[in-house]
Amino acid sequence: MALPKYKTSRANTHSRRANWKASAVQTVTCPNCGSQAFPHMACPSCGTFRGRVYREAIRSEHTK
């Protein structure tokens, strides 16, 4: 495996890492309640996804 012959300067390192930007997570509008939710996931406010309700199933498993 090849090794670098010289130390990489700070300017080169910073210019290379300048493209490591975080992007904002895209959200979609829930067709049931109209709030913002992540795509391909159940809505956090009403618990529906593609016409099915998932909130009651999650609550019944974890409640004592």
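Trainee: Let me start with Val53: is Val53 buried, exposed or partly exposed?

Mentor: Val53 is partly exposed, because its relative accessible area is 48%. Keep in mind as we go that this is a predicted model.

Trainee: Noted. Where is Val53 found?

Mentor: Val53 sits in strand β4.

Trainee: And which residues is Val53 in contact with, leaving aside neighbours within four places in sequence?

Mentor: Those are Gly47 and Thr48. There is also a spacing to look at: Val53 and Ala42 are eleven residues apart in sequence, and their C-alpha atoms lie 8.4 Å from each other.

Trainee: You mentioned Thr48. Is Thr48 buried or exposed?

Mentor: Thr48 counts as buried, because its relative accessibility is 12% and the cut-off for buried is under 20%. You'll find Thr48 in strand β3, which covers residues 48-49.

Trainee: What does Thr48 touch, not counting residues up to four places away?

Mentor: Thr48 touches Cys30, Asn32, Ala42, Cys43 and Val53.

Trainee: Let's zoom out. How many helices and strands does the chain have?

Mentor: There are two helices and four strands. Reading from the N terminus, the order is α-β-β-β-β-α.

Trainee: What share of the residues is buried?

Mentor: Of the 64 residues in the chain, 9% are buried. The accessible surface is about 6,400 Å², and carbon and sulfur atoms hold 57% of that.

Trainee: Okay, how about confidence? Where is it lowest and where is it highest?

Mentor: Confidence is lowest in helix α2, residues 55-62, with a mean pLDDT of 56, and highest in α1, at 94. The chain as a whole averages 85, and 86% of the residues score at least 70.

Trainee: So how should I read a low-scoring part?

Mentor: Where pLDDT is low, the predicted coordinates should not be read in detail.

Trainee: Changing topic: how many disulfides does a search of the whole structure find?

Mentor: It finds zero disulfides. Cys43 is in none, and the nearest cysteine sulfur to Cys43 belongs to Cys46, 3.7 Å away.

Trainee: Why don't the sulfurs of Cys46 and Cys43 count as bonded?

Mentor: Because 3.7 Å is too far for a bond between the sulfur of Cys46 and that of Cys43. The cut-off for a disulfide is within 2.5 Å.

Trainee: Is Cys43 buried or exposed?

Mentor: Buried: Cys43 has a relative accessible area of 3%.

Trainee: Tell me about Tyr54, then. Where is it found?

Mentor: Tyr54 is in the loop between β4 and α2. Tyr54 is partly exposed, at 32% relative accessibility, and touches Gly47 and Phe49 once residues up to four places away are set aside.

Trainee: Last topic, the surface. Which residues form a nonpolar patch there?

Mentor: Val25, Phe38 and Met41 do, with about 320 Å² of accessible area together. Val25 lies in the loop between α1 and β1 and is exposed, with a relative accessible area of 60%.

Trainee: One more: where is the place of Gly34?

Mentor: Gly34 is in the loop between β1 and β2. Gly34 is partly exposed at 43%, and its C-alpha atom is 9.6 Å from that of Ser45.

How values were computed
Residues are numbered from 1 along each chain as its sequence is written. This is a predicted model: local features need pLDDT of at least 70, side-chain atom pairs count only at pLDDT 80 or more; totals for chains, interfaces and linings use all residues. Side-chain values use heavy atoms; hydrogens and water are left out. Buried means under 20% relative accessible area, exposed over 50%, partly exposed in between (1.4 Å probe, protein chains only). Accessible areas come from the Shrake-Rupley method with a 1.4 Å probe; for residues, only the protein chains shown count as cover. Contact means heavy atoms within 4.5 Å. Patches are made of residues with over 30% relative accessible area and no salt bridge: like charges are joined within 9 Å, nonpolar side chains (Val, Leu, Ile, Met, Phe, Trp, Tyr) within 5 Å. A salt bridge is a side-chain nitrogen of Lys or Arg within 4 Å of a carboxyl oxygen of Asp or Glu. pLDDT is the predictor's confidence in each residue, from 0 to 100.
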